[in-house]
Amino acid sequence: MATCPPHPTSYPSGPPSGPPNGPPAGPLRNAHPHWWQRPWVRYGALITLLALSGLVILALVREETGTQGFLVGLGLAVLPVPLLIAAFRWLDRVEPGPWRNLVFAFAWGACAAALIAIVANSFATRWIATATADPDGADTLGATVIAPVVEESAKAAAVLLVFLFRRRDFTGIVDGVVIAGVTATGFAFTENILYLGTAFGTDQLTGDTGIASVTAATFFVRIVMSPFAHPLFTVLTGIGFGIAALSGERRRVRRALLPPAGLLLAMGVHALWNGSAALGDYGFFAVYAAFMVPAFGLLTWLVIWTRQRELRTVRTELPPYVATGWLTPAEPFALGSMRARRIAREYARHHAGKAAARAVAQYEAYATSLAFLRHRGRHGRAGADFTVREGELLRELWSRHGVARPALEYAARVTAPPPPVMMPPAPWTPYGPMSPYRPPHTAPAPYQSPPQPYPHPQPHPQYNPYRT
């Protein structure tokens, strides 16, 4: 059962180094780790692997498309990337994960996963063509069976790595959706360079230009109509990992089966999408309208609903910390509203600069993590380091409370709903010969005008809570 540390104000000398009678200053660490356990070794190996994969995939794509085709494909393929990254970042605003996880996911999808897919798909297709002496059948089988299995497995590896080695940043469905979606965005970016560059090379040979060109058709199908295709497939894998992250440690079967189930579903949807081209001239549009668009809408609704559920969790789990003095009464409401959070950051930036706004944003993120941690603890899903993690988050909040509290309290006042207007009771009319539906000839003394809603309190123009 999750508990709440005692009141922090018993430390009048300043911010506490840890809650009284609470957790120790931090987790115990191995004083002499092996050389391969050092963070710089792991980061260096990962960066080297991704850099080598990027160089190899760059050479392969350039060899396939030519220099001019590569540049054209690069310029066109980059167009949907900022929009997709911004969309996934927007979904992650409640408890934003670190940028390094997103950078890793995108780099893995664009470099490592793309390299694995190109090599494995080419090898498998050639082997099938040689074994069956049917090149056309090998291409169809490779697109509908081999490619979905290889590509989704390669992209799922990034989600698995973040799930295993960045467990604190991977706590639910939204985290799985964001990591999977950004990974797939990187993969689609590299794949689009290849397809668009190849189409441009074909147009150079045939002399086609304008709307009738292969490049225009490829751009319309891959960039305009279906930029979300690869993210949609891999998001199913991310949802499987996200539900597994929400499961308790005792539900080992559920935690073990959900990620593979999500991966298999992603492979099936990917195979249906690739196989739509073999269903006739209108097969692609039929699958697009009857399946892809509804699936995209359903997943979008699911993720937004999950985000609103996370905000409700913040409002529900933080009040116990108000009772012990770690938070003020207005903070749970402000932290459970995205509008109030934005107003708090803007207020801090206006009165104390960008550093204060950054501190408020960090305060909001730590408070959200604390609410999710307590939620998992109440449901028996917290790990053995619950107390240590709770103390770490509380100390992070306490070190920023002087800057964040005035901004959050102001945001709570501005966004709080006005109190209901109390209308006076209607005058009583006795029954008698006078119709109850008509006012009496002698009207009672008029009531005073009904009270108006209280205006939102505004700080004095010269008031600056950050002034020292």
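So, the surface: the chain's accessible surface comes to about 25700 Å², and 65% of that belongs to carbon and sulfur atoms. That area comes from the Shrake-Rupley method with a 1.4 Å probe, and for residues only the protein chains shown count as cover.

Quick housekeeping. This is a predicted model, where local features need pLDDT of at least 70 and side-chain atom pairs count only at pLDDT 80 or more, while totals for chains, interfaces and linings use all residues. Residues are numbered from 1 along each chain as its sequence is written, and side-chain values use heavy atoms, with hydrogens and water left out.

Okay, the fold. We've got 15 helices and zero strands; these are DSSP runs, numbered from the N terminus (helices are H or I, at least four residues; strands are E, at least two). Of the 468 residues, 44% are buried, meaning under 20% relative accessible area, with exposed being over 50% and partly exposed in between (1.4 Å probe, protein chains only).

Now look at helix 7, residues 229-246. 16 of its 18 residues are buried, so helix 7 is largely enclosed by the rest of the structure. Helix 7 has a kink of about 25°, centred on V235; that bend is the angle between axes fitted to the seven residues ending there and the seven starting there.

Last stop: helix 13, residues 354-378, where S369 sits. Why does S369 count as buried? Because its relative accessibility is 14%. Leaving aside neighbours within four places in sequence, S369 is in contact with E95 and L393, where contact means heavy atoms within 4.5 Å.

Definitions and conventions:
Expected span 1.5 Å × (residues − 1).
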